[in-house]
There are 2 protein chains.
Amino acid sequence: MITSKDNELIKETVKLIKSVKARKDKRLFVAEGLRLCRDAAESGAHIVTFLYTKQAEEKNSEDLAFIRSVADRSDEISCELYNKISDTNSPQGFLCVIDTRLNTVMTEIKKGGKYVALENIQDPSNLGTILRTAEALGIDGVILSRDCCDIYSPKVVRGSMGAVFRLPFMQKDEFTSWIRELTKSGINTYASTPHEAENISRMDFSGGGIMLIGNEGNGLKNETIAACTGRVKIPMLGRAESLNAAAAAAILMYELMNHSGRG
Amino acid sequence: MITSKDNELIKETVKLIKSVKARKDKRLFVAEGLRLCRDAAESGAHIVTFLYTKQAEEKNSEDLAFIRSVADRSDEISCELYNKISDTNSPQGFLCVIDTRLNTVMTEIKKGGKYVALENIQDPSNLGTILRTAEALGIDGVILSRDCCDIYSPKVVRGSMGAVFRLPFMQKDEFTSWIRELTKSGINTYASTPHEAENISRMDFSGGGIMLIGNEGNGLKNETIAACTGRVKIPMLGRAESLNAAAAAAILMYELMNHSGRG
């Protein structure tokens with residue numbers, strides 16, 4: 001049983017919880033809690049290390065045995081140490097270190113498919129919620145610009161309710177020029193913006209395409225909007241620019257998925 | 001200038017920030033930050049006390065003068081004391097104590113109007129976001145069951161981005177029987193539930209009505225669902241029950257407001 005925070009495995013795990021750089025360098029991230037760890041195991045994620053407490057084993061022995069059966073390595077750690085390293089408010093004693101090279105990496109955009117592309121989303125809670133909503137609504141995949149917050153931060157992983165293990169996604173360095181190329185190749189690209197845009201409730205999305213959503217405060221960059229096929233907006237009767245990014249994204253993705261065949 | 005946390009006004013303000021009971025007893029609540037305090041003043045809220053720091057006055061003198069001009073009473077407090085009592089991460093030195101008897105209290109449901117009714121919403125962030133979304137989309141009013149979290153908690157007020165000052169709302173003790181009476185009187189009442197419900201994207205909401213949204217974990221109570229005219233669900237292709245309450249509410253309210261005239 002591991003009891004010391006000077007243990008090498010513990011030191012690395014803490015780094016992965018706290019540091020984006022450590023996650024990028026090691027290509028590993030952390031998921032905590034019974035539900036998320038079971039989700040990771042069920043979703044076929046590559047679990048490199050599984051840490052658990054005696055209390056967790058006593059309380060949820062079946063789930064624990066299942067996660068242990070798919071993990072490369074499993075170690076019991078003391079409850080005291082677990083509570084010290086945990087990033088959550090009510091630690092459950094389940095922690096998985098997972099390879100970021102998930103089998104959900106998406107490499108191409110299919111014509112007729114329905115995608116969401118996020119530019120410079122900064123709030124981990126928003127990103128987590130958007131991923132969760134995208135999965136629930138059946139979005140084919142998510143594209144993240146390089147300046148979005150880290151998809152593997154504990155807050156995003158938690159907020160996504162495990163969608164991060166299952167939802168196909170890709171990250172793009174040259175986001176705007178990549179969008180421009182897709183538009184040229186005949187993929188529909190829709191910039192969501194309140195300015196000079198069509199009312200989304202009157203659109204027909206039967207041809208599929210990519211819904212682009214921008215930064216919480218500033219929206220999409222002007223050059224990204226210019227690179228798109230069209231502009232869409234959510235009809236708002238109240239004060240302007242008043243939707244939270246995750247609420248706006250829910251409506252935009254819902255329309256993309258469900259409303260086709262309008263004249 | 002107030003500098004001591006033993007000052008009676010400061011003691012009462014801290015209680016209003018921390019305690020639901022104090023807010024209910026005194027019929028007062030607290031809004032913090034430049035934007036929210038200005039929103040309160042512009043929205044015609046009754047500001048009983050306005051507390052500000054010298055730094056806030058130097059940085060935003062015009063806004064400060066405006067808020068002071070509508071407040072019953074204004075006091076400068078020391079920056080040190082402000083930072084101690086503030087509920088926010090980056091205190092801006094603007095704090096208003098506001099009367100809960102806002103002029104937004106709603107007393108009746110109008111036939112043809114479009115409303116949202118929330119049953120047992122527990123997370124203040126969700127409630128704040130739902131209020132913000134309701135205002136942006138132009139919902140006519142919000143009804144809260146008595147077991148919802150407190151609409152005047154600092155987190156709800158903040159998350160609502162000031163919608164709490166402007167959006168008509170009412171609170172109902174006997175929520176289920178009140179809904180039953182409305183249904184009988186010919187108001188459309190729609191229970192959102194994943195079970196045996198109609199796909200919301202095929203509904204016609206031109207007759208107006210009330211969209212009911214339930215608790216984050218358990219949804220609406222069975223007896224409340226039974227009291228409604230109909231049941232609606234958001235079409236989900238991914239894993240079941242996977243939408244965050246605020247994201248689901250955004251889609252449900254958006255449909256209620258925008259989709260009419262379907263066959």
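Q: Why is the pair D87(A) and R158(A) called a salt bridge?
A: In this predicted model, the closest N and O atoms of D87(A) and R158(A) are 3.2 Å apart, and because the rule asks for a side-chain nitrogen of Lys or Arg within 4 Å of a carboxyl oxygen of Asp or Glu, the pair counts as a salt bridge. D87(A) lies in the loop between α6 (79-85) and β4 (94-99) of chain A, while R158(A) belongs to helix α8 (residues 154-159) of chain A, so the pair ties together parts that are 71 residues apart in sequence.

Q: Why is the contact of D147(A) with K221(A) called a salt bridge?
A: The N to O distance between these side chains is 3.0 Å, and the cut-off is 4 Å, so D147(A) and K221(A) meet the rule. The pair links distant parts of the chain, with D147(A) in the loop between β6 (141-145) and α8 of chain A and K221(A) in the loop between β10 (209-213) and α11 (222-226) of chain A, 74 residues apart.

Q: What makes E57(B) and R68(B) a salt bridge, and which helices hold them?
A: Their closest N and O atoms are 3.4 Å apart, which is within 4 Å, so the pair qualifies. E57(B) sits in helix α4 (residues 54-59) of chain B and R68(B) in helix α5 (residues 61-70) of chain B, so parts eleven residues apart in sequence are tied together.

Q: How do you know that chain A and chain B are related as by a two-fold rotation axis?
A: Chain A can be laid on chain B with an RMSD of 0.0 Å by a turn of 180 degrees and a shift of 0.0 Å along the axis, and the two copies are therefore related as by a two-fold rotation axis. The same surface serves both copies, since 100% of the contact residues of chain A recur in chain B.

Q: What is found across the interface of chain A and chain B?
A: The area buried between the chains is about 2500 Å², of which carbon and sulfur atoms give 55%. On the side of chain A that touches chain B, the largest share, seven residues, comes from α12(A).

Conventions. Residues are numbered from 1 along each chain as its sequence is written. Chains are lettered from A and ligands numbered from 1 in the order in which they are written. This is a predicted model: local features need pLDDT of at least 70, side-chain atom pairs count only at pLDDT 80 or more; totals for chains, interfaces and linings use all residues. Side-chain values use heavy atoms; hydrogens and water are left out. Copies are superposed by least squares on the C-alpha atoms of residues with pLDDT of at least 70 in both. Contact means heavy atoms within 4.5 Å. Buried area is the accessible area (1.4 Å probe) that two parts lose on being put together, summed over both. Helices (H or I, at least four residues) and strands (E, at least two) are DSSP runs, numbered from the N terminus.
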